Amino acid sequence: RSLVNDCDSYDNNASGELQQFGKILIEKCTDLFAITESFTYEEDDATLASVKAEIVETLASFSQSFSQMVELALTHEIKTLVNQLDTETNLYNIEAAISSLVGLTQEGVHLCHIIAKEGGVAMLFKLCRQEAPCYLHILALRALASICVVEEGISELEKVDGVLCLADLLTDESHPEATRAEAAAVVSQITSPHHAFTQHLSSFLENMEDIVTALINLCKDASSSEVFQQASAALANITFFDSMACETLLQLNATKTLIQACRDPQRVDTPYAKDQVVTILANMAVLDQCPSEMIQENGVELLLEFLHERPAPGISTESAALERVLQKSAVTLARLSREPNVSSIASSLNCIPRLIELCRSPSERNNSDSVLVACLAALRKLAMASPQCIEDSDYQ
């Protein structure tokens, strides 16, 4: 009763359907009250069973009506917020509306479905295309990244040429770095390999070269680790999204840019950033030209450094990222080892003893089986190229 009254008092313009569900809920509450008031423990078993069945049926009906009412209330609120984005001229009110949408996206993917369905994606991109203070663009892009965790969000993005808008934001360096970083975060979301439906983003392929170029430039010039991580995460996802991205990156000297970034603690200072870098390098490693690039830029040395990574004391949340760094470093090394010079360099750097240590000591690899498999594969490749570096005791 309190909820229904609150809904009515909060919004006098609530739809008739919403008010109707409110009336139904009040009736169900009345029915439950009447059933429980008339109940006595002196009834016979048959009567008790009948009363129980009636209560269960009433509660089930109440639950369904309650869920529908909440859905309608949320939809009504979201429609109001989206309409504000379209009609408001006051910057403070626009900011408040976007912030409310961002907050709703954090409550679960179901609300992201509703926001996309009610035109939220279209309105947010409309704002991104308009001249507005950068903080509004940043906030709108943040909302879009959250909404695009669901298929409807990405579908709506495609309908309004959202990829082209993102490409324009990324390639126009007159936009602040923070705006371009948030655009990169949206790109990262829509190209996530966890989404099966992103392969239908035909417009992305049309703009991929411009986007990849802008992202690697953002990595090169990033003023902070947060910006670098957003840009590199987008690049990492794109290398899974389309194999042509790796060739574009190679042409753009991405190997050099990424390896140099790893020498700069201002840009790469966490296992999460290193995870993105080594993901890109692992996917580029399948290209014929990549081994020579890696040798030229001392990339093999970097991979060995990554293989020596250990979690920082007391930061358990980094463990999963660290495992991925270890695993992908071994995978990259295995792929590059088809080139004899890579194998020679790896052997001279005592890479093989470290791989053996990771295989033998579960604690060194954080008890990860995926790291074990990757290290065994790398050892196999290196042993084939440089059998003299493997002693008989190493096979035990």
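Asparagine 366 counts as partly exposed, because its relative accessible area is 26%. In this predicted model, asparagine 366 is placed in the loop that runs between helix H20 (351-360) and helix H21 (369-385). As background, most residues other than glycine have a negative phi.

Aspartate 161 also has a positive phi, of about 55°, although it is not a glycine. Aspartate 161 sits in the loop between helix H8 (151-159) and helix H9 (162-171), and with a relative accessible area of 44% it is partly exposed. A further positive phi, near 60°, belongs to asparagine 253, the residue given as following H13.

**The chain as a whole**

The protein chain holds 21 helices and zero strands. Of its 396 residues, 48% are buried. When contacts between residues at least 6 apart in sequence are considered, 73% of them join residues at least 24 apart.

Two packed helices are described by the angle between their axes and the distance between the axes. Both values are listed below for two helix pairs.

| Helix pair | Angle between axes | Distance between axes |
|---|---|---|
| H15 (residues 271-284) and H18 (residues 319-336) | about 20° | 9 Å |
| H13 (residues 244-251) and H15 | roughly 100° | within 9 Å |

How does H15 lie relative to H18, roughly parallel or roughly antiparallel? The two helices pack at an angle of about 20°, and because angles under 35 degrees count as roughly parallel, H15 is described as roughly parallel to H18. The crossing in which H15 passes H18 is left-handed. On the H15 side the contact is made by Pro271, Tyr272, Lys274, Asp275, Val278, Thr279, Leu281, Ala282 and Asn283, while H18 contributes Ala321, Leu322, Arg324, Val325, Lys328, Ser329, Thr332 and Arg335. Sorted by class, the residues of this contact of H15 with H18 are eight nonpolar, four polar and five charged.

The axes of H13 and H15 cross at roughly 100°, and because the range from 65 to 115 degrees counts as roughly perpendicular, H13 is taken as roughly perpendicular to H15. In this contact, Cys246, Leu249 and Leu250 of H13 meet Ile280, Asn283 and Met284 of H15. The residues of the contact of H13 with H15 divide into five nonpolar, one polar and no charged. Asn283 of H15 is named in the contact with H18 and also in the contact with H13.

The buried residues of H13 are Ala245, Cys246, Thr248, Leu249 and Leu250. These buried residues pack against helix H11 (202-221), helix H12 (225-241), helix H14 (254-262), H15 and helix H16 (290-296).

Helix H16 contains proline 291, which counts as buried because its relative accessibility is 3%. Which residues does proline 291 contact once its neighbours within four places in sequence are left aside? They are Leu336, Arg338, Glu339 and Val342. Proline 291 and serine 337, which are 46 residues apart in sequence, have C-alpha atoms 8.1 Å apart in space.

Serine 347 is located in helix H19 (residues 340-348). It is buried, since its relative accessible area of 15% falls below the 20% limit for that class. The C-alpha atoms of serine 347 and alanine 385 are separated by 9.7 Å, and the two residues are 38 residues apart along the chain.

**Cysteines**

How many disulfides does the model contain? A disulfide is taken here as a pair of cysteine sulfur atoms within 2.5 Å, and by this rule the count comes to zero. Cysteine 375 is in no disulfide, and the nearest cysteine sulfur, that of cysteine 359, is 5.0 Å away. Cysteine 375 is also buried, because its relative accessible area is 0%. Cysteine 219 likewise counts as buried, at 0% relative accessibility.

Conventions: Residues are numbered from 1 along each chain as its sequence is written. This is a predicted model: local features need pLDDT of at least 70, side-chain atom pairs count only at pLDDT 80 or more; totals for chains, interfaces and linings use all residues. Side-chain values use heavy atoms; hydrogens and water are left out. Buried means under 20% relative accessible area, exposed over 50%, partly exposed in between (1.4 Å probe, protein chains only). Helices (H or I, at least four residues) and strands (E, at least two) are DSSP runs, numbered from the N terminus. Axes are lines fitted to C-alpha atoms, for helices over the stretch in contact, and angles run from 0 to 180 degrees between N-to-C directions. Angles under 35 degrees count as roughly parallel, over 145 as roughly antiparallel, 65 to 115 as roughly perpendicular and the rest as oblique. A crossing is left-handed if the near helix is turned anticlockwise from the far one by less than a right angle, and right-handed if clockwise. Contact means heavy atoms within 4.5 Å. Ala, Val, Leu, Ile, Met, Phe, Trp, Tyr, Cys and Pro count as nonpolar, Asp, Glu, Lys and Arg as charged, and the others, Gly among them, as polar.
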